[in-house]
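Keep the 3D view open and click along as you read.

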Amino acid sequence: MAFLRALLIAVLLAALPASAATVRLKELVEVQGVRENELFGYGLVVGLAGTGDSEQVVFTSQAIAGMLGRFGARIDRRDIRVRNVAAVMVTARTPTFARPGVHIDVSVSSMGNARSLAGGVLLITPLTGADGIVYAVSQGAVQVGGYDASSAGSFSSKNQPTSGRVPGGGIVEKAVTPNLSAGPLILQLKRPDFTTASRIAAVIEEALGPGNAKALDPAAIEVKAPAAKDAVALLAKIEALEVDADQRARVVVSERTGTVVAGDRVRIRPVAVAHGGLTVAVHEFPLVSQPGAFSLGQTVTTRSADISAVEAQKQVIGLPATASVDELVKALNLLGASPRDLVAILQAMKAAGALDADLEVL
């Protein structure tokens with residue numbers, strides 16, 4: 001039944017029209033200069049229930065003393081004895097073309113030895129970019145998806161209580177708006193490929209006219225905006241175009257989960273594979289030597305180990321050349337190997353030159 005189901009799926013996929021493989025340019029390319037920007041800042045989280053930084057964290061005491069100094073309270077940092085404040089790093093990411101007043105989410109992470117940020121409130125914190133300019137400010141209640149509790153030597157925790165988020169706690173103060181009208185537009189491929197770049201340039205020229213698009217390299221296409229159209233309308237038209245994207249054959253395997261994912265262009269050459277397993281078992285059991293009655297001896301306890309090794313006997317199997325993923329799976333199933341064994345088999349096949357695909361191990 002499983003074989004018939006797989007055969008039916010393969011027949012249906014083969015019967016699909018060629019246009020089913022096309023992809024919108026919106027999924028393949030990005031406009032150069034149109035991207036998100038990373039922000040960060042240093043702040044304080046207050047209102048913690050005794051789970052904040054201890055007095056051993058010097059920079060927290062200095063930050064508290066500095067903050068109180070701005071409000072006219074002069075105090076030496078060495079006199080500060082609080083456990084309801086934590087020093088944190090605040091990070092955020094501004095969306096593309098975010099205007100002043102737009103709310104963004106911010107992440108808060110402890111820097112000192114605070115045990116938990118649950119129930120805390122982030123004080124107003126400027127967020128700067130790599131150039132040192134303030135682009136946003138953040139403030140609000142910290143939401144933590146975990147907990148940390150201990151009492152009388154018992155300890156219980158869930159997830160990471162020393163980091164959290166402030167949903168909508170950031171407000172953009174300075175906009176970052178790339179100029180799309182300055183010069184030609186550059187479209188960047190998310191996965192550089194010579195064939196795909198050439199096809200994208202041809203599709204754009206067909207929609208805009210000859211000479212309006214040129215593939216500079218496998219990762220960039222230059223588009224000249226016609227004088228009669230603005231950049232936004234032009235990009236909206238380009239994003240809706242579809243192209244038959246090409247890509248290198250790739251096999252992705254995960255040693256942690258035993259997952260194997262192969263693309264439709266994966267091929268294997270004729271190869272002989274032998275994969276066996278060696279199982280070693282060690283069993284320990286105690287031995288007690290009891291002295292005789294009315295003797296001066298002592299009871300002695302020792303341990304003995306029984307070691308056994310069993311090697312699975314498997315035959316050498318010849319895998320024929322394949323032309324599809326379905327045939328590749330059938331050929332590998334002949335080995336009777338588990339998904340984790342397939343990881344080692346695919347790595348050996350790649351080293352032997354029998355796997356015509358890029359092998360990526362996660």
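In this predicted model, the largest nonpolar core has 23 residues. The ones with the most contacts inside it are Leu25, Leu187, Ile200, Ile204, Ile221, Val223 and Ile238.

**The cores**

**How H4 and H5 pack**

- When you see two packed helices, you describe them by the angle between their axes and the distance between the axes.
- For H4 (residues 194-208) and H5 (residues 231-239), the angle is about 125 degrees and the axes are 10 Å apart.
- Angles of 65 to 115 degrees count as roughly perpendicular and those over 145 as roughly antiparallel, so at about 125 degrees H4 and H5 are oblique to each other.
- Their crossing is right-handed.
- On the H4 side, the contact is made by Ile204, Ala207 and Leu208, while H5 brings Leu234, Lys237 and Ile238.
- Sorted by class, that contact has five nonpolar residues, one charged residue and no polar ones.

**Leu185, in a strand**

- You'll find Leu185 in strand S11.
- Is Leu185 buried or exposed? Its relative accessible area is 6%, and buried means under 20%, so Leu185 is buried.
- Leaving out neighbours within four places in sequence, Leu185 is in contact with Leu180, Ile221, Glu222, Val223, Leu234 and Leu235.
- Leu185 and Ala231 sit 46 residues apart in sequence, yet their C-alpha atoms are 8.5 Å apart in space.

**Ala175, in a loop**

- Ala175 belongs to the loop between strand S10 (163-172) and S11.
- With a relative accessible area of 27%, Ala175 is partly exposed.
- Which residues does Ala175 contact, leaving aside neighbours within four places in sequence? They are Ala98, Arg99 and Pro100.
- Pro95 is 80 residues from Ala175 along the chain, and the C-alpha atoms of these two are separated by 9.9 Å.

Note on methods
Residues numbered from 1 in each chain as written. Predicted model: local features only at pLDDT ≥ 70, side-chain atom pairs only at ≥ 80, totals over all residues. Heavy atoms only, no water. Axes fitted to C-alpha atoms, helices over the stretch in contact; angles between N-to-C directions. Helix = DSSP H or I, 4+ residues; strand = E, 2+ residues; numbered from the N terminus. Parallel < 35°, antiparallel > 145°, perpendicular 65-115°, else oblique. Left-handed = near helix turned anticlockwise from the far one by under 90°. Contact = heavy atoms within 4.5 Å. Nonpolar A, V, L, I, M, F, W, Y, C, P; charged D, E, K, R; others polar. Core = buried A, V, L, I, M, F, W, Y, C linked by side-chain atoms within 4.5 Å. Buried < 20%, exposed > 50% of the residue type's maximum accessible area, 1.4 Å probe, protein only.
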